[in-house]
Amino acid sequence: MYPSHSDPPVFSAETDHVVGAVSGGSDAGKGRDRYWLHALLFVVTLATTVWAGATLTSRLAVYAMEGWPAFLVDGLRFGIPLLLFLTVHEFGHYFAARLHGVATSLPYYIPCPPYPFITVGTLGAVIRIREPVPSLRKLFDIGAAGPLAGFVVALGILLAAFAALPPVSYIFGVGPGHEAIHQYVEQFGRYPDSLTGLGDGAGALVVGDTLLYMLLKQFFTDVPPNWEMYHYPVLFAGWLGLFFTALNLLPIGQLDGGHITYALFGRVWHARLARGFFLVLLLSGAIGFVLEISPPLYEMHPFFGTGSWFILAGILYFYLAKLFGGNLKRIALAMAGLMALAALAENALPWMQNFAYSGWLLWCVLLIYLVKIDHPPVLHEQPLTPGRMALGLLSLFIFILCFSFRPLYVA
């Protein structure tokens, strides 16, 4: 993706993003790669992802018997495929830029310690474009190369993980806190269909389904349920590859998906699609807020529960004022619609709860302030070739296959 900085030139393509990025800056033509820094960041990120992967896998019974080598192996099973995905995604951007003669940096990997919060050990990686990209075709090629290359690797990791799934008895090594799961598996020889009534579901990290993941798991046996997937390091790394690909392909601003929709449909339709999808994310966040935040406040006191609606209104106004440039009529209409739908989802339209995810309210901060909503114009807006059009449509199809409204949540 290519989120812009303030006041970009009309032909700029500037990027800083969390999963695979290209960023522009004022150092055009004069930056040199500091190889030691790139290598150091890679090594540190590998270490944090290995630690996070073993922590999430949490086969404590196995580690107690086999010691730290088993912990390290589980961590490597997660860290290596995840960094492979990130690296291929980044070098997809990198080599496309170099092919077009556009100066760019090597990837900067971003480590993230797994403590005090449980993370996946990284915030992704970025590269820097050191000069403007004036051509729409070059912009499209650089933007699309990353997610397309990364998707191929993520799909390969996922298929390899499915093909090498251990038997269900694997879960006996995970714990403590899985006693009820262990008893169920021991009795029935399979995972339960849901967490309901198992007693140890509280606090389980649930991974959201996507169309592609739902399709693939039909062809394999011993597939863990979504609330146990993070104990399977290679499988979880593959799923994260799909998730990060979908995030980059959001059709908003200067994300990779924003470049693709801008190149395919032009400035006007890009603006419409970006605003429309941003509103969809806001709606998902609003419903999640009503279902996840309001009930605990009502339990504290009805006054706080009622006040949660005013808090939600304030959050929505904060975004909508930015989205619509202070146009009060549009702000009022959008806020009324979002609040009404959130209220209906709570009672009258329960099916909408399947799309509830309060986390989008946080992601929207990054989208509207870092990524931006609109795409800056490109100096040379020549039409795309048929081959590029096909790749653009393929990218949008991949987004549909990989996107989940509720990607990661605690049940």
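**Exercise 1.** Determine which backbone atom the side chain of Asn327 reaches, and at what distance.

*Solution.* Step 1: locate the residue. Asn327 sits in the loop between α10 (302-323) and α11 (328-346); helices are DSSP runs of H or I with at least four residues, and strands are runs of E with at least two, numbered from the N terminus.
Step 2: find the partner. The Asn327 side chain reaches the backbone nitrogen of Lys329 at 3.2 Å. A polar contact is a pair of N or O atoms within 3.5 Å; within protein, one must be able to donate a hydrogen and the other to accept it, and residues adjacent in sequence count only if both atoms are side-chain atoms.
Step 3: classify the exposure. Asn327 has a relative accessible area of 33%, so it is partly exposed; buried means under 20%, exposed over 50%, and partly exposed in between (1.4 Å probe, protein chains only).

The model is predicted: local features need pLDDT of at least 70, side-chain atom pairs count only at pLDDT 80 or more, and totals for chains, interfaces and linings use all residues. Residues are numbered from 1 along each chain as its sequence is written, and side-chain values use heavy atoms, without hydrogens and water.

**Exercise 2.** Describe the surroundings of Thr245.

*Solution.* Step 1: Thr245 belongs to helix α7 (residues 233-248).
Step 2: its relative accessible area is 0%, so Thr245 is buried.
Step 3: leaving aside neighbours within four places in sequence, Thr245 is in contact (heavy atoms within 4.5 Å) with Phe85, Pro147, Gly150, Phe151 and Ile398.

**Exercise 3.** Characterise the phi of Lys372.

*Solution.* Step 1: Lys372 is not a glycine, yet its phi is positive, about 75 degrees.
Step 2: the residue lies in the loop between α12 (360-371) and α13 (386-402).
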